[in-house]
Structures are given as C-alpha cells and as structure tokens.
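Look at the structure first, then read on.

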Amino acid sequence: MKNSRKDQLQAFDRLLTIMDELREQCPWDKRQTMETLRHLTIEETYELGDAILDNDLNEVKKELGDVLLHIVFYAKIGSETNDFDIADVCNNICKKLISRHPHIYGDVKVADEEEVKRNWENLKLKEGKKSVLEGVPNSLPALVKASRIQDKVAGVGFDWEEPQQVFEKLQEELGELQHEVNENNQEKIEAEFGDVLFSMINYARFLKVNPENALERTNKKFIKRFQYLEGKAMEMNKSLKDMTLAEMDVFWNEAKLQ
C-alpha cells in the first residue's frame with residue numbers, strides 16, 4: 001500500500017524523534033562522532049549496493065533505512081555544534097537540485113539526457129569549481145573512480161565519437177602491454193596494465209555497461225560456482241588440493257548449468 005505524503009512525513013518525524021532519544025539516552029549512541037560513524041556508513045552503503053545487485057527489494061528497503069539512519073545521525077551531531085541540522089541538509093540539496101535543473105525550474109531547453117549531463121557539469125564550473133573532476137572523491141575504489149572520471153570529462157565534450165574508436169584504443173593498449181610483458185619490464189607492465197583497465201572501463205561506458213556492476217556480478221557468479229565445486233568435493237570426501245584440474249572441471253561445468 002502506498003503511503004501518503006502525510007504518512008511519509010510522520011515516519012520521518014518519528015525517526016528524528018528516536019534519534020534525539022538515542023543520542024540523549026543510549027551510551028553507545030552518545031559516544032559516536034562523525035569519524036567513528038564513517039566506516040560504518042561506508043559498510044552500509046556497500047550492503048545497499050549488494051542488495052541492489054541481488055534485486056532483493058525487501059533487503060534494499062532495509063539497507064536504505066540503515067543509510068537514512070546514518071544521514072539523520074550526522075545531522076544530529078551537526079546540530080549539537082550549531083553547524084547544521086537535518087533541515088539545512090534538506091534545504092541545501094533542494095537548492096542545488098533546483099539550480100542544476102534549469103530545464104525544469106527555468107527556461108533552458110534540452111534535447112536529451114546527454115545535454116542534461118553537459119549542462120550539469122558546466123553549471124558546477126559556474127558555481128566556482130575549478131575542475132570538472134573536483135567532484136570525484138579521492139577515496140573511491142579505483143575502478144569506480146575511473147568510471148566517474150570518464151563520465152565527467154565526457155560531460156564537457158572530452159570524449160570519443162564512436163565505440164569502434166574506443167575498441168581500437170583498447171587493442172592498442174593491449175599491444176603495448178604485451179610488448180612490455182615480452183620486455184619483462186615490471187614497472188612498465190603495471191603502467192600498461194592500468195591503461196588497459198582504463199580503456200576497458202571507457203569501452204564499457206560506450207556499451208552502456210556499468211563496469212563495477214558487471215565485475216561484481218561476475219564475482220558473485222564465480223563464488224557460486226566455486227562453492228558448488230567445494231560442495232561436490234566434500235561429498236566425495238576429497239580436498240580440492242588433491243583433485244586434478246580435470247576432475248574439478250567436471251564439477252565446474254556442472255555448476256554452470258545450475
């Protein structure tokens with residue numbers, strides 16, 4: 001059943017009230033700071049990401065609640081030092097959304113999604129950002145960071161024109177990697193390997209594939225198949241290290257059919 005806006009606001013008010021009570025009365029909650037919550041917030045975000053990839057909507061609902069709790073928690077801490085509160089957080093994002101969507105809240109006309117993205121990056125520069133890459137967090141995992149870097153520079157027109165050009169660049173980078181492997185120059189091998197990965201991520205963008213999601217789905221697939229193999233080995237009272245690759249391949253191929 002869909003909740004009314006009144007119900008939604010009441011639920012949010014209830015959460016704010018509970019947060020006030022926990023901060024006042026719970027020994028653990030009273031001790032928390034933004035720094036102590038940081039790693040927990042990152043963990044909750046990854047758990048949300050897992051639920052999304054698993055398409056487990058009930059789990060997505062639960063994990064969104066955990067993330068929302070952290071947002072409310074940070075805002076509560078901010079209010080205690082009179083720096084900001086949850087209203088400031090909401091008003092700030094509302095102001096930014098209105099400013100960044102002149103095609104909705106102004107008279108700007110856009111043709112498609114790509115033009116919206118280009119306008120978004122140009123508006124950020126007008127707001128005082130010196131680089132379109134300022135919004136890419138330093139602490140992002142490298143694969144996600146590469147994807148965001150490429151998205152952002154493409155948003156201001158620094159991009160290839162056709163997918164085939166990107167594929168040819170990938171082939172070029174693979175050739176350079178193979179050359180350094182043949183030369184056995186470890187430092188250059190690492191550099192060229194990085195270029196290959198960067199090109200692969202760029203190609204994924206042109207194929208409209210999210211590389212992080214694609215790799216994580218492959219991770220999950222591999223884990224499932226390997227654990228099937230482990231289970232079959234246990235049924236035979238065998239250790240994997242005592243099995244031949246041919247024996248393991250039988251169960252690996254079976255796992256593909258599961």
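## Helix packing in a predicted model

Helix 9 and helix 10 are roughly antiparallel to each other, because their angle of about 165° is over 145. This is a predicted model. The axes of helix 9 and helix 10 lie 9 Å apart. Helix 9 (residues 163-183) and helix 10 (residues 186-206) meet in a left-handed crossing.

Which residues of helix 9 meet helix 10? Among them are Val 166, Phe 167, Leu 170, Leu 174, Leu 177 and Val 181. Helix 9 also brings charged residues, including Lys 169, Glu 173, Glu 176 and Glu 180, to this contact. On the side of helix 10, the partners include Ile 189, Phe 193, Val 196, Met 200, Tyr 203 and Phe 206. By class, the contact of helix 9 with helix 10 has 13 nonpolar, 2 polar and 7 charged residues.

The structure holds 3 aromatic pairs. One of them joins Phe 167 and Tyr 203. The ring centres of Phe 167 and Tyr 203 are 5.3 Å apart, and the planes stand at 40°, so the pair is tilted. Phe 167 belongs to helix 9 and Tyr 203 to helix 10, so the pair ties together parts that are 36 residues apart in sequence.

| Helix pair | Angle between axes | Axis distance |
|---|---|---|
| Helix 9 and helix 10 | about 165° | 9 Å |
| Helix 3 and helix 4 | about 160° | 9 Å |
| Helix 1 and helix 4 | roughly 60° | within 10 Å |

Now take helix 3 (residues 34-53) and helix 4 (residues 57-80). They pack at an angle of about 160°, which makes helix 3 roughly antiparallel to helix 4. Their crossing is left-handed. From helix 3, the contact includes Leu 37, Leu 40, Thr 41, Glu 44, Leu 48 and Ile 52. From helix 4, it includes Val 60, Leu 64, Val 67, His 70, Phe 73 and Ile 77. The contact of helix 3 with helix 4 divides into 12 nonpolar, 4 polar and 6 charged residues.

Helix 4 also packs against helix 1 (residues 5-25), with the axes crossing at roughly 60°. That angle makes helix 1 oblique to helix 4. The crossing of helix 1 and helix 4 is right-handed. Phe 12, Leu 15, Leu 16, Met 19, Asp 20 and Arg 23 of helix 1 take part. They meet residues of helix 4 that include Leu 68, Leu 69, Val 72 and Lys 76. Phe 73 and Ile 77 of helix 4 meet helix 1, and both also meet helix 3. The contact of helix 1 with helix 4 has 9 nonpolar, no polar and 4 charged residues.

Finally, the domains. The chain is divided into domain 1 (5-100) and domain 2 (213-256). The C-alpha centres of domain 1 and domain 2 lie 40 Å apart.

Terms used. Residues numbered from 1 in each chain as written. Predicted model: local features only at pLDDT ≥ 70, side-chain atom pairs only at ≥ 80, totals over all residues. Heavy atoms only, no water. Axes fitted to C-alpha atoms, helices over the stretch in contact; angles between N-to-C directions. Helix = DSSP H or I, 4+ residues; strand = E, 2+ residues; numbered from the N terminus. Parallel < 35°, antiparallel > 145°, perpendicular 65-115°, else oblique. Left-handed = near helix turned anticlockwise from the far one by under 90°. Contact = heavy atoms within 4.5 Å. Domains from an automatic or database assignment. Phe/Tyr/Trp six-rings, centres within 6.5 Å; stacked < 30°, edge-to-face > 60°.
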